[in-house]
Amino acid sequence: MPQSNSPDDEQASEAGASADAPLQPEYERIAGDLVRRIQSGEFPPGTRLPSLTALEEAYGTSQTTVRHAIAVLRNNGMVETGNRRAGIQVTKQRKTRRLLWDRYSRPAAEQSTPFTVDGSTPWVDYQLSKRFEIVPADQELAEAFGVEVGERLLARHFVFHDADGPEQMSTSYLLWSLVEGTPVADLANEPWPGGTRAQMASLGVRVAEVLEWAVSRMPTGHEKKVLDLGPGVPVLSITRHMVSSDGRVVEVARPIVRRGPTTVVEYRVRLDD
């Protein structure tokens, strides 16, 4: 006859199951609680969190554990810790930008570019810092364009701003033989409504395909300064090739750099039934 379990046996079984379950590290639990408190408005953007000593006492743990928890928030872009006098500051909220799957296929409109459409940025809030120079193609660029190393390219350095400040920076390369003496090579014509695709169309080149690939990484010192990034905030680094209808690469953007925590890349894949 089967023997039933006693209450003591059931409690022992539950205790054994709990012992087998992985425990959440203390620093992750603290980080999660701080995230909740930030998102609830207890610590609004731009304000300071309690000091490390105060957090250590509040959570009843070591300062090392608290430091690990703060590092999680910093790497997620939620707090900044670079200025000792400022303490641990809650990062000012920035609007999340979606890089839409169809952003290059939309028809060009007056006073808009893919950047302004992606961020729903009014033209009056859009500012573009720009610098042009002629440079020789390195091995990677020469292979992409199908030209010899040293071929002259127009390098266009851009920093894209909106009402929140600098949001994106990029360097875009075009064959000098394609744009020399044209309005596309004139710095004064930037920003160009419709962006690079519209510029190519003005030269009689139809862009038929856009290839992009991206990696997440930590910013260089220059990128960190230009995009005003706090310590530990990663970036999304994108490489783009624009390909003409006859199969030629007509533009290489390398890299396009955006804030990692506020950039969402959207894909759509159509599947046949």
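Two strands count as paired if DSSP finds at least two bridges between them. In this predicted model, that rule applies to strand β8, where R240 is the bridge partner of E212.

**Strand β8 and its partners**
- Strand β7 (residues 207–217) runs antiparallel to β8, and ten bridges join the two.
- Strand β9 (residues 249–259) also pairs with β8 in the antiparallel sense, over eight bridges.
- In β9, the residue opposite R240 is A253.
- A hairpin is formed by β8 and β9, with four residues between them. In its turn, G247 has a positive phi of about 90°.

**Burial of β8**
- Ten of the ten residues of β8 (residues 235–244) are buried, so the strand is largely enclosed by the rest of the structure.
- In a regular strand the side chains alternate between the two faces of the sheet.
- Both faces of β8 are covered: one side carries the buried residues V235, S237, T239, H241 and V243, and the other carries L236, I238, R240, M242 and S244, also buried.

**Aromatic rings**
- Two aromatic pairs are present in the structure.
- The ring centres of F132 and F158 are 6.1 Å apart with their planes at 75°, so this pair is edge-to-face; the angle cut-off for that class is over 60 degrees.
- Because F132 lies in strand β4 (residues 127–136) and F158 in strand β5 (residues 152–162), the pair ties together parts that are 26 residues apart in sequence.
- F132 counts as buried at 18% relative accessibility, and F158 is buried with a relative accessible area of 7%.
- Ring pairs link F132, F158 and F160 into a cluster.

Key. Residues are numbered from 1 along each chain as its sequence is written. This is a predicted model: local features need pLDDT of at least 70, side-chain atom pairs count only at pLDDT 80 or more; totals for chains, interfaces and linings use all residues. Side-chain values use heavy atoms; hydrogens and water are left out. Buried means under 20% relative accessible area, exposed over 50%, partly exposed in between (1.4 Å probe, protein chains only). Rings of Phe, Tyr and Trp (its six-membered ring) pair if their centres lie within 6.5 Å; planes under 30 degrees apart count as stacked, over 60 as edge-to-face and the rest as tilted.
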